[in-house]
Amino acid sequence: MFEYHRPTSVGDALAVLADVGADGKVLAGGQSLVPVLNMRLAAPGHLVDINRLAELAYVRTEPAGVRVGALARHAHVERDEQAYAAVPLLRRALICVAHPTIRNRGTTVGSIVHADPSGEAPAVLTLLDGEMELASVGGRRTVPAAEFFIAPLESSLRAGELAVSAYFPRPPARSGTAWREVSRRHGDYALCGVGVLITLDDDLRVAAARAAFISLGPTPVLVDLADAVAGRPFDAVDWGAAAALVRGQVEPEDDIHATAAYRRHLAGVLTARAGADAAREAAA
Amino acid sequence: MTETLHATRLVVNGVAHTLHVPARRLLADALRHDLGLTGTHLGCEHGVCGACTVLVDGEPMRSCLMFAVSADGAEITTTEGCRAPDGGLGPVQQAFTECHGLQCGFCTPGFVTTITAYLRENPLPTEAEAREAIGGNLCRCTGYQNIVKSVLRAAELVAPEAAVAPQAGGGLSEGPR
Amino acid sequence: MSGRLFGEPIARREDPRLVSGAGRYLDDLGPDALAAAFVRCPHAHARVVDIDVTDALDVDGLVALYTYEDLAADDATRVAEPLPLLIPHPALTEPRTGYPLVKDVAKHVGEPIVMVVATDRYVAEDVCERIRVEYEFLPPVVGVDAARDAARAVHDDVPDNVAAHLVQEVGDARAAIAAAPHTLELDLEIERSASMPMEGKGVYARWDAADASLRVYSSTQTTTSVRFALAAKLNIPVDRIEVIAPDVGGGFGVKIVHPWPEEVLVPWAAIRLGREVKWVEDRREHFISSAHERGQLQHIRVGFDDDGRLLGLDVEFWHDNGAYTPYGIIIPIITSTQLLGPYKPGAYRVEFHSLYTNTVIVTPYRGAGRPQAAFAMERTIDAIAANLRLDRAEVRERNFIQPHEMPYDHQLTFQDGRPLIYDSGDFPASLEKLKKLVDWEGFPAYRDAARAEGRRIGIGLACYVEGTGVGPYEGAHIRVETSGKVVVSTGLTTQGQGHETVFAQIAADELGVPLDAVSVTTGDTRRFKYAVGTFASRAAVMSGNAVALTARKVRAKALRIAADALEVDAGDLEIADGTVRVKGHPPGAAGGEIPLRTVAVLSNPLRYAFDEESKRATQFAVGDASGPPVAEDDEPGLEATDYYSPMQATFANGMHAAIVETDPETAEITILRYCVVHDCGPMINPRIVEGQIHGGVAQGVGGALYERIVYDENGQLLNASYMDFLMPYASEVPTIETDHLETPSPLNPLGIKGLGEAGVIPGSAVLASAIEDAEGIRITRMPISPSDLHHLRLDRARQEHDSTAERGAAE
């Protein structure tokens, strides 16, 4: 049993959150939280339902990036054409989140705050050096992606704080992105997934390359691929070397669905595949 | 210690109701037990099987992953609401009976609502699209083959005028609705 | 109406209500009932030291809670006794069953310890959370290896963990193998899986104190057996209990087990409380407290000649039966006997050990031991083919029992206690059809073309034989009412097989009435009291034939009464469209016909008319004063009851082929084509047959590539949810191409064979065969995941490297 709050403004929400502190959980999409409650694996004393905060239900494409409000459903973000034009990786990654029905309710910001090591949105935020806007009665603060994810299911959101938006910067000019993942069933959590960002210089040689992995560590794993691919023409990259570099840097674990060794292997394979896609897009 | 009850307004299949339910009452349980609409079923209560899928303001959502109070003010459509106006079978339901798209029928409500919403967005799916459309709902009886057929048949029944001049490939139809 | 209904792909009559939300499944009933929930043991093996309910007692809405002590204190019933051993067998020397609530020691995670009854399920679970149970941990036994090693015991008085040990043999297999020109040995494994119907179990009970009668609704596959069990446990006369299966959301075997603890306890509580009580399990409960199946380790030795003909087959396998054996050793017996498939084994020896582990009980899941059997035999045949470099279809053909050899007596005893004698089937013809359907001959060229594109594909083949329609019997009752409606009842149950339709088709055909006039009830002891249940692909064979026989009786009676009324010979009459008429007589012409509903009126001589029609049967309107109104050997009413009881099972068969593609890098496995040729004899409703096959194949694919129940060494179930127990979505199941052969069964009046389990049986066998063909790696264990395949590839690469290195070193 929990006490239920349904604030109608962000200010009200922050006041309630300040009150209930660590004994409160925010209910946005609920697609991760409610199963946990249904199975009685957690019992927060307070649930703060933010689904009335219509002012947070936006996807805003700005000159430098896309800002996603706390109440924007994955489906909304996925379908937004302007957001796709600015940051195509968002749609490419989000269509891998579960199934459309889940995405109709689950929120992208909520998914980031949930910080599941297999979550696509946290990896996209990490790859693009995005940031989270957090609010409390004490004011607002911004936390860059690199500092946001602490441990599995743990972000640096403090008790009493509400994540109000996530910001995804546009990749630099002459960049390409790609998302690849392997899951057991369509829509399942990935055994291994990767988002790749390749930026080319004016000669269409690789100027920067990085990859963010899911399901390979406690938080998204960011790997700089430069050592393996920098300076190469976009269509003559040694993706095998990139794969080897990645395999040397990730430390996945075994679980009932796949071994660590297989995940490590996948990391290399998917880096090569996504990398080639991203490089091609960068050159186009 | 009794639970606080929250007044919750739901318009379900076109009929307005005010329920007084505890906050933790799932939307699925409210529909089934408070409103007696037992067509919506619970197969897992963790959002994976899809038998509980209903339309919330026209969008398919898992009613086992929503609290009724959260849905306050929403328009809900259940499988009962997918019937024809005269109470007979609606086009998606009719398609299922024509194509042997159900066996035990327990998962079927989730498919009916999902497909009803899907065909509004994509009235003329290809077979591959039809299979993808039902890809988030589990069925243990049919092996999905006849459900895929049911989607295609439902498309014909929903918009027969669109079906007369079929699109060559997939994608959104630009025909009359 | 015109033409026969048998054989028609008629749309199902149950569909309109099910598809529009008007189905009535267990949890749709009893809206005012109290709700039950259980505190279940979280440990695999533990003594219950203390149960402290203090904190639970003040929860608002709690009505009652019960522990084993309460059961033991109830002298009026027998609920404190162990649950029944359903199927004893001489080889089951150490059977064990559990108690409805744990008595001293819980033997698997999930065993119920406390039953809570409250105003609703939310409250009941609140109460459960506040009950504190103190446990003394005992060392658990998990997995066949641990059970075999027997360092620890599941039951103190069964120190070697062996519940049963059985050897069956025909001829001297070991000698035949020793003398054979070629021999092979295989070690195989199939992992545990589960039925997982979309609807879990549920029980709803109503006690009527005024007439001391109990009505129980249960999501069960056997209402008549539950009824007997409850009468015994609750000490209530059988005729004071009625058990009804409402609409059931799938069974697949798990709901044949009975009585579940909850099936005993919910009615027991309803009686004690004088209130309606209902229990509906949630998905986690289903995972940890219903039943699983499939887990076996197998060791096979085979001797064969240069042509790949079997000379001797020696099989030993270890079957994990979980913590208790309520269903006896049916599954390993089925594995033992059905392993032979469509082949002549030469000499055959099969030995199994059924072992206890501290895990959920193991009882039939669609296939019930046959998938394991098909896996063993088909992998063996493939291994022979590989060894001799022969075509895999060719080796099978060489070993087939030929059609002219039917009936073929394997000289073994089947799961029904009857001889294993195949009655029908044309295996060569089925294989021909399959080879054509999948284009077996054209595959090498297809594979070469794919290889040139860097793709890796393979084709697999698997055959099986399935004993269906086991006894002891089923029955039917049919009554033609004075309205013309034909009311059909049979005692077995329905979980989506379309019985309301297929049995109506049979009855309508036999009686000559329109399909719409017929209604069918299954699984309701108020309507039919003698039955066995729905399992083992038996419903169509058993109840289908019972319905036919009963309808023939009704028809004969109708003709007799009509003949009397029309003053003609019964032999001159026929029934069509619900009207009895003289053959050749133009329809509608006077004097030559009488509607069946009028015959129904006449069948019951009346003193008191109750409507216009019934006046025709009153005593001044009819009757021959030379005899009594109801003759000595007759009964009132146009109705009859009859039973079908078979001499033995009737053997259906099927053959599957699959083409798979494996990703050379990620090892992901995709099924490109899946083909089925099936022989269940004449099909009552081809659409329903196909649906059953599709569903079975989906479970076969699931069992081969996705589903396995995973226990850790502490007996904790690691994947007790749909997130981690991977049942296939539509994206994982291929399009299934089917063709049929119809060789009738000579054993029953309709000539039919069962098919309910057909689709799933060779799933693991055929996909292992295809993956092996694609990869060139021996596949001995299923299910197989991309991660598994990746490691098999690494192993093979290592072996090749090692052998290259050895050769290098030797040179």
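Tutor: Let us begin with a term: a polar contact is a pair of N or O atoms within 3.5 Å, where within protein one atom must be able to donate a hydrogen and the other to accept it, and where residues adjacent in sequence count only if both atoms are side-chain atoms. This is a predicted model, in which local features need pLDDT of at least 70 and side-chain atom pairs count only at pLDDT 80 or more, while totals for chains, interfaces and linings use all residues. Residues are numbered from 1 along each chain as its sequence is written, chains are lettered from A and ligands numbered from 1 in the order in which they are written, and side-chain values use heavy atoms, with hydrogens and water left out.

Our part is chain B, and we can start with its side towards chain C. Between chain B and chain C there are 27 residue pairs in polar contact, both residues being at pLDDT 80 or more. Helices (H or I, at least four residues) and strands (E, at least two) are DSSP runs numbered from the N terminus, and on the side of chain B that touches chain C, at least two residues each come from α1, α2 (91-99), α3 (108-121), α4 (127-133) and α5 (145-158) of chain B. The most is given by α2(B), with five residues. Sorted by class, this side has 18 nonpolar, 21 polar and eleven charged residues; here Ala, Val, Leu, Ile, Met, Phe, Trp, Tyr, Cys and Pro count as nonpolar, Asp, Glu, Lys and Arg as charged, and the others, Gly among them, as polar.

In terms of contact, meaning heavy atoms within 4.5 Å, 50 residues of chain B meet 55 residues of chain C. The two chains bury about 4300 Å² between them, with 55% of it on carbon and sulfur atoms, where buried area is the accessible area (1.4 Å probe) that two parts lose on being put together, summed over both. Chain B and chain C also share five salt bridges, a salt bridge being a side-chain nitrogen of Lys or Arg within 4 Å of a carboxyl oxygen of Asp or Glu. One of them joins B:R25 to C:D120, with the closest N and O atoms 4.0 Å apart.

Turning to chain A, we find 26 residues from chain B and 26 residues from chain A in the contact, and about 2200 Å² buried between these chains, 56% of it on carbon and sulfur atoms. Within chain B, the residues that lose the most area to chain A are B:R24, B:L65 and B:F67, together 26% of what that side buries. Four salt bridges cross this interface, including the one between A:R6 and B:D72, at 3.0 Å from N to O. Strand β4 (residues 59-62) of chain B supplies the largest share of the side that touches chain A, namely four residues.

Two further places in chain B deserve a look. B:E45, in the loop between α1 (27-34) and β3 (53-56), has a positive phi near 60° although this residue is not a glycine. B:E45 is partly exposed at 23% relative accessible area, whereas B:C139 is buried at 6%; buried means under 20%, exposed over 50% and partly exposed in between (1.4 Å probe, protein chains only). The structure has zero disulfides over all chains, a disulfide being a pair of cysteine sulfur atoms within 2.5 Å.
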